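Hi,

Here is the structure I promised to pass on. Have a look at it first, and then read my notes below.

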Amino acid sequence: PLDLFVKRPFAVTLFSLLVLLLAAWNVFQVLSALQSYDAMRALNVTTQANLLIIMGLTWAIGFGLAAWGVWRLRSWGRTWLLIAIIAYQAQQWIMRLSLTRSSEEVMRRPADLFLALLSIAVVWGFLFIPKIRRLYHDQ
C-alpha cells in the first residue's frame, strides 16, 4: 500500500525536495546538451554531448528514486543516497578533469571542490542525524 500520509518530519520532506531538485538539475543538463547537440557536432565534440545526455538521464533517474525512497522513509532510499552522492561527485570530477578544456576551469576548481565536498557533507550529515537515522531503521 502507498502510505503517502505517513507521519514524517518536515525536514525529511524538505530534504527530499532538495534531492529532487538535484534530479531536476540533471534533467536540465540533458535538455541543454540536446539543444546544443548540433553546435557540438559542428565542433566535433559529440562524445561530450553524448556523455552529458547519458549521465544526466542516469543521475536524474537515480536522484529521483533516491528522493522518493528518502521521502517514503525507506532504508534503501537512505542507503542509495549515501552511495549516490559520492558516486555522483566522483563522476562529475572525472568528467571535468578529462573533458573540460577552458582556462577558467582551473581557477574555479577550489570553489567547486568545496561545493562538492559540502554537498557530500550535507547529505551524509543529515542522514546520520540520530533522529533521522532511526526513522530509516524503524521501517
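Let's start with a question: does R96 count as buried or exposed? R96 has 14% relative accessibility, so R96 counts as buried (buried is under 20% relative accessible area, exposed is over 50%, and partly exposed is in between, with a 1.4 Å probe and protein chains only).

Before going on, some ground rules. This is a predicted model, where local features need pLDDT of at least 70 and side-chain atom pairs count only at pLDDT 80 or more, while totals for chains, interfaces and linings use all residues. Residues are numbered from 1 along each chain as its sequence is written, and side-chain values use heavy atoms, leaving out hydrogens and water.

Now back to R96. R96 makes a salt bridge with E105, with the closest N and O atoms 2.4 Å apart (a salt bridge is a side-chain nitrogen of Lys or Arg within 4 Å of a carboxyl oxygen of Asp or Glu). E105 is buried too, at 3% relative accessibility. R96 also meets D112 in a salt bridge, at 2.6 Å from N to O. R96 sits in helix α4 and D112 in helix α5, so this pair ties together parts that are 16 residues apart in sequence (helices are DSSP runs of H or I, at least four residues, numbered from the N terminus).

D112 has a second salt bridge, to R108, at 3.8 Å between the closest N and O atoms. D112 and R108 are 4 residues apart in α5, so about one helical turn separates them. Salt bridges with shared partners join R96, E104, E105, R108, R109 and D112 into one network.

Next, α5 itself. This helix covers residues 103-127, and its end C-alpha atoms are 37 Å apart, which agrees with the 36 Å that its 25 residues should span (the expected span is 1.5 Å times one less than the number of residues). α5 bends by about 50° at R109, and the proline P110 follows within four residues (the bend is the angle between axes fitted to the seven residues ending there and the seven starting there).

Finally, take a look at I85 in helix α4. I85 counts as buried because its relative accessibility is 2%. Setting aside neighbours within four places in sequence, I85 is in contact with L22, F63, S119, I120, V123 and W124 (contact means heavy atoms within 4.5 Å). Among these, I120 and V123 are buried residues of α5.

Enjoy exploring!

Terms used. Helix = DSSP H or I, 4+ residues; strand = E, 2+ residues; numbered from the N terminus.
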